[in-house]
Amino acid sequence: TYPPSLNYAGDVDDHGTHVAGTIGATGNNSIGVVGVNWQVSLMPLKFLAEDGAGSTSDLVNALAYAKAMRQLWESSGGTKGANIRVLNNSYGGFGFSQAELDAIRSLSDAGILFVVAAGNDGLSNDSFPVYPANYVAPNLIAVASSASAGFKSFFSNYGAATVNVTAPGESILSTTPKNTYNLADGTSMSAPHVSGTAALVCALSPGITVQKLRSLVMYTGYPAPWFSGAISTKRAIDAAKALQ
């Protein structure tokens, strides 16, 4: 798994709480930080222990639960379940799992976008596969990390064939447990910028298909010249243009 930055306060849930804040910390309230979404519902799905240990079966169960909640929301006319349209996945490893890939593709059938951190090894995913970023699925977006000036982060994985877009991933200030806020680095911090953008698009256009949502998020970004040859779209995420 991708470890949290040393800037964290040290709580077991720092990583997920930081990611969640980037997606949806409440805005316009003069408190702390603001997420990409100012008002959004979040469903945390935890399948890893504090030391990063976990099983593929736990992961598959988490993905199946998300799909079941989405399907229940649809079948009940929005009275039960949850209208899950985007799953942020700030984790990864080097083992291929057919069960995991099947579960990700199944989420596409339910209209759920699957946003993934590319990894923090500073290597090409084209040559050194990382999962889930390297899976081929119609609903998957793999995200690299950029610094404030748009340069590729030194730690960020990349890949012209396997990594799709870039988003900010250095010195990201976000929420951490016990009413704290901390800086963190990593593609784990980049992915929620993309997930948040996709959720904004869904709020504006609730009936959008997952295929169109993926294309809008990936191809409406602005050119990222420092990633030429390093990501498939050569673009950095742009929430405003995606909404337009």
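**View 1. Helix 1 is largely enclosed by the rest of the structure, because eight of its 11 residues (the helix spans residues 14-24) are buried.** Buried means under 20% relative accessible area, exposed over 50%, and partly exposed in between, with a 1.4 Å probe and protein chains only. This is a predicted model, in which local features need pLDDT of at least 70 and side-chain atom pairs count only at pLDDT 80 or more, while totals for chains, interfaces and linings use all residues. Residues are numbered from 1 along each chain as its sequence is written, and side-chain values use heavy atoms, with hydrogens and water left out. The buried residues of helix 1 are Asp 14, His 15, His 18, Val 19, Gly 21, Thr 22, Ile 23 and Gly 24. They pack against strand 1 (86-89), strand 5 (172-176), strand 6 and helix 4 (187-204). Helices (H or I, at least four residues) and strands (E, at least two) are DSSP runs, numbered from the N terminus.

**View 2. Leu 63, Ile 84, Leu 87, Ile 104, Phe 114 and Leu 140 touch the most other members of the largest nonpolar core, which has 23 residues.** At least two residues of this core come from each of helix 2 (56-75), helix 3 (98-109), strand 2 (113-117) and strand 3 (140-146). A nonpolar core is a set of buried Ala, Val, Leu, Ile, Met, Phe, Trp, Tyr and Cys residues joined through side-chain atoms within 4.5 Å. Leaving out residues up to four places away in sequence, the contacts of Leu 140 include Ile 104, Phe 114, Val 116 and Pro 132; contact means heavy atoms within 4.5 Å.

**View 3. Phe 96, Tyr 131 and Tyr 135 form one aromatic cluster.** Rings of Phe, Tyr and Trp (its six-membered ring) pair if their centres lie within 6.5 Å; planes under 30 degrees apart count as stacked, over 60 as edge-to-face and the rest as tilted. Phe 96 and Tyr 135 pair edge-to-face, at 5.5 Å centre to centre and 65° between the planes. Phe 96 is in the loop between strand 1 and helix 3 and Tyr 135 in the loop between strand 2 and strand 3, so the pair ties together parts 39 residues apart in sequence. Phe 96 is partly exposed at 47% relative accessibility, whereas Tyr 135 is buried at 4%. The pair of Tyr 131 and Tyr 135 is tilted, because the ring centres are 4.8 Å apart and the planes are at 40°. Tyr 131 is buried, with a relative accessible area of 16%.
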